[in-house]
Amino acid sequence: MEYQVPRKFPTTVVGSYPKLEPAKQALRKIRKKQASPDELRGLFVEAIRGVVEDHLWAGVDIISDGEQTREDMVVYFAERMNGYMPGEWTRIFDNVYFRKPIIYGKVEWPGPLTVEDWKIASSFAEGRPVKGILTGPYTMLEWSFDLYYGDRREAVIDLAKELRKEIEALVNAGAKYIQIDEPALSTRPWKEEADIVKEALKIMLAGLDVKKIVHICFGKIEYILPYILEFPVDQFDLEFKNSNFRLLPYLKEYGYDKELGYGVIDVHTTQIESVDEIVEDIEKLMKLGILSPEKIYIDPDCGLKRLPREIARQKLKNMVEAAKIARQRW
Ligand SMILES: [Zn+2]
């Protein structure tokens, strides 16, 4: 039973979703060391099923597992990979703290990290494709302390080689869409940094017959844009709504011609974008005249994890309705 993803303006999600109650409960127990993730599998399955049900209810075409088992996008992988150890609590901004992990030895893939969740989501997806999503090696390094490599490029390349094994495991399980999240790249928007990521992506994605996506959000994407256009990927998934579509003229200026994950939902506000508003925002891109509807994927700016579930759900629903209207119009 294969689901037909619409040819024009397919809808998707970036990845994370509000943690549903069973996942919150499980993560709390893990944090207090009352149980291991394996013992709490049932709670996570329940949470992932809830996420998939919401995605199906909204009508999203290419869905995700909602990253219900990942308390944090970097720590999740770091806690499980060899060569890493947990760090101390570090303040990132305001009152947001995170336990910045430490690289103390050669990093090594310990075996599948995300495949089980991907399979669970797929089992509830009624044939819709589920994105395989992982945190990229550049962001893994940037948001860790490195006490072993001492050379940023070398560390990123080693991480890329290990993460490729995760991607292969996802592809072997049947994933058709692979998304690598590199939000840290927009915080260091220079050519030398982009070149490191490009080299890492080649290692991770070469020769794989899947849709290859990189997600970058917030920060100075317009500065990095000219340097990332040659990345060996099919699609960039970028944030637009939160920065009021500031990036649009740069797409034209730099001759952007890959597929685009077009962020039309602001994940930092609980205000729900209306269907009309989203259609107008799609029109902003269509007016540029640079991409056909076949190359435009409609999605939120970033993961929805910080929103209340009811708001996230409704935002997705309006997004899907807007994409349907766009399919009629363009
Ligand atoms: Zn993001």
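## Exercises on pockets, cavities and helix packing

**Exercise 1.** Work out how the residues lining the second largest pocket divide by class, and describe this pocket.

*Solution.* The lining of the second largest pocket comprises 12 nonpolar, three polar and five charged residues (nonpolar: Ala, Val, Leu, Ile, Met, Phe, Trp, Tyr, Cys and Pro; charged: Asp, Glu, Lys and Arg; polar: the others, Gly among them). The model is predicted, so that local features need pLDDT of at least 70 and side-chain atom pairs count only at pLDDT 80 or more, whereas totals for chains, interfaces and linings use all residues. Residues are numbered from 1 along each chain as its sequence is written, and side-chain values use heavy atoms, with hydrogens and water left out.

As a next step, take the lining itself: 20 residues form it, and Glu-2, Gly-127, Pro-129, Lys-176 and Tyr-177 are those nearest the centre of the pocket (on a 1 Å grid over the protein atoms alone, a pocket is an open set with protein on both sides within 12 Å along at least five of seven lines, a cavity is a set of points where a 1.4 Å probe fits but cannot get out, and lining residues have an atom within 4 Å of a point). The volume of this second largest pocket is about 380 Å³ (the space filled by probe spheres set on grid points joined across faces, edges and corners).

**Exercise 2.** Find how many cavities of 30 Å³ or more the structure holds, and state which residues line the largest cavity.

*Solution.* There are two cavities of 30 Å³ or more. By class, the lining of the largest cavity has six nonpolar, one polar and two charged residues.

The second largest cavity holds about 30 Å³ of space, and around it stand Gly-219, Ile-221, Glu-222, Glu-239, Ser-243, Arg-246 and Leu-247, a lining of two nonpolar, two polar and three charged residues.

**Exercise 3.** Describe how helix α6 packs against helix α7 and against helix α4.

*Solution.* Begin with α6 (residues 152-173) and α7 (residues 191-205), whose axes lie 8 Å apart at an angle of about 30 degrees (axes are lines fitted to C-alpha atoms over the stretch in contact, and angles run from 0 to 180 degrees between N-to-C directions). The two helices α6 and α7 are therefore roughly parallel (an angle under 35 degrees; over 145 is roughly antiparallel, 65 to 115 roughly perpendicular and the rest oblique). The crossing of α6 and α7 is right-handed (the near helix is turned clockwise from the far one by less than a right angle, anticlockwise being left-handed). Residues of α6 in the contact include Val-156, Ile-157 and Arg-164, and those of α7 include Glu-193, Ile-196 and Ile-203 (heavy atoms within 4.5 Å). This contact of α6 with α7 has 10 nonpolar, no polar and six charged residues.

Next, the axes of α4 (residues 115-124) and α6 come within 10 Å and cross at roughly 25 degrees, and α4 and α6 are therefore roughly parallel to each other. Val-115, Trp-118 and Lys-119 of α4 touch Glu-166, Ala-169, Leu-170 and Ala-173 of α6, which by class gives five nonpolar, no polar and two charged residues.

Methods. Helix = DSSP H or I, 4+ residues; strand = E, 2+ residues; numbered from the N terminus.
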